[in-house]
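Dear colleague,

Please find below the structure I am handing over to you. My notes on its salt bridges follow.

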Amino acid sequence: MASPVTDSAGLSPCIETVSWNADMVGTLPMPEAEAPMSSSVLNNCNIPKPPPLPSKIVTRNKHPKWPPESSFAPKETKDMWDKLFKDGNGADLCIFTEDKSCIFAHSSVLSIASPMLGYRIGKSKIKHGMKYIQIPGLPHDAVRVFIRFLYSSCYEGEELKKYALHLLLLSHCCSVPQLKRVCICYLEQDFLTTENVIDTLLLARKCDAPRLVLICVRLVVKNFKSVSSTEGWKLMKRIYPDIEQELVESVVEADSKKQERQRKIEEKKVYTQLYEAMEALLHICKDGCRTIGPRDKMLKGNQIACNFPACKGLEALVRHFSGCKTRVPGGCSHCKRMWQLLELHSRMCNEPDSCKVPLCRHFKEKIQQQCKKDETKWKLLVNKVIAAKNGSYLFSSR
């Protein structure tokens with residue numbers, strides 16, 4: 001067997017050419033075309049006329065626009081129930097709010113709209129034929145918007161924006177799912193900021209709104225520095241240290257995942273470059289490139305652009321490897337890199353006997369003498385290089 005130095009000094013002198021024979025390529029049988037129907041047959045068929053084309057094509061939006069409709073009832077019904085609520089005719093219930101003001105309502109209407117609220121009304125005391133309940137801790141206008149919704153399923157957009165958190169709490173405690181969905185939809189789309197995200201997160205946890213909780217957590221993770229300096233964060237840290245710990249862990253986990261993704265991207269980039277180097281090495285040794293290649297090949301010259309991105313750098317490395325005087329593993333950093341590329345190719349090559357890359361068969365024989373630890377490392381490298389190109393085929397002399 002020739003020595004490695006002699007084998008690498010010149011690229012393989014004999015290159016077999018492969019040509020395609022166009023006559024060997026068969027043609028697919030095409031189905032015969034059917035004979036056209038005669039005009040008499042067409043006239044005898046009683047084919048009905050097609051319906052006229054629609055004058056206007058109606059398309060539906062995939063995503064509904066925000067805000068949604070402020071009413072879930074026809075206009076006449078809305079006006080009737082709004083009038084009943086605003087006039088308070090026949091009201092038998094007085095609802096006291098935080099500022100001691102009173103909202104008059106009909107207990108039967110509220111009991112039907114909210115059984116939870118109806119149960120509380122049933123337990124209330126009656127004085128002079130009037131029932132009395134209290135809804136403390138919430139603004140008077142927020143309670144009024146809530147009671148109006150129970151009557152007519154209506155609300156004003158500005159009132160929803162102002163009292164969204166209060167209405168979410170009321171709709172959850174009184175079991176009014178229609179209003180709860182409206183509040184959650186608004187909070188998810190147009191409400192959240194770094195200043196109010198902590199308050200919204202705490203309320204969403206209390207009101208069983210998992211999607212809103214997830215959106216809040218993502219906003220905290222994305223803007224942790226700004227959120228952690230707000231008063232809401234400081235208050236939560238003092239009252240709910242367990243929730244604060246969960247959020248910090250979420251931030252750490254998100255940062256770790258980001259670093260891991262970046263590491264994998266850089267790793268894949270390196271393996272992709274190795275794959276391209278293997279392609280360029282095979283291209284140079286088999287077909288030849290602009291100014292380097294097998295002895296029996298007509299070189300293309302510098303004026304022809306090469307389709308292999310790694311060819312230019314590998315060409316310089318091959319020239320150095322051919323003329324370097326040390327050219328032993330470990331003696332020269334450039335030569336050491338070339339030795340590694342040649343060994344990587346030999347491990348990916350399926351046809352070492354007919355391969356045109358120098359030292360391919362030499363490294364195949366050397367593999368048999370390597371220890372198990374080195375063999376495992378090389379196999380892992382080969383698998384990652386192949387996986388970097390999404391399952392590309394193993395190299396051969398083709």
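Which residues are linked in a network of salt bridges? The network joins E260, R263, E267 and K384.

The model is predicted, so to speak of local features a pLDDT of at least 70 is needed, side-chain atom pairs count only at pLDDT 80 or more, and totals for chains, interfaces and linings use all residues. Residues are numbered from 1 along each chain as its sequence is written, and side-chain values use heavy atoms, with hydrogens and water left out.

A salt bridge here is a side-chain nitrogen of Lys or Arg within 4 Å of a carboxyl oxygen of Asp or Glu. By this rule there are nine salt bridges.

Helices are DSSP runs (H or I, at least four residues), numbered from the N terminus. E267 is partly exposed, at 26% relative accessible area, and K384 is also partly exposed, at 29%. For these terms, buried means under 20% relative accessible area, exposed over 50%, and partly exposed in between (1.4 Å probe, protein chains only).

A salt bridge also joins R205 and E246, at 3.3 Å from N to O. R205 belongs to helix α10 (residues 197-206) and E246 to helix α14 (residues 241-286), so parts 41 residues apart in sequence are tied together.

Finally, R148 forms a salt bridge with E156, at 3.4 Å between the closest N and O atoms. R148 is buried, at 11%, whereas E156 is partly exposed, at 40%.

With kind regards

How values were computed
Helix = DSSP H or I, 4+ residues; strand = E, 2+ residues; numbered from the N terminus.
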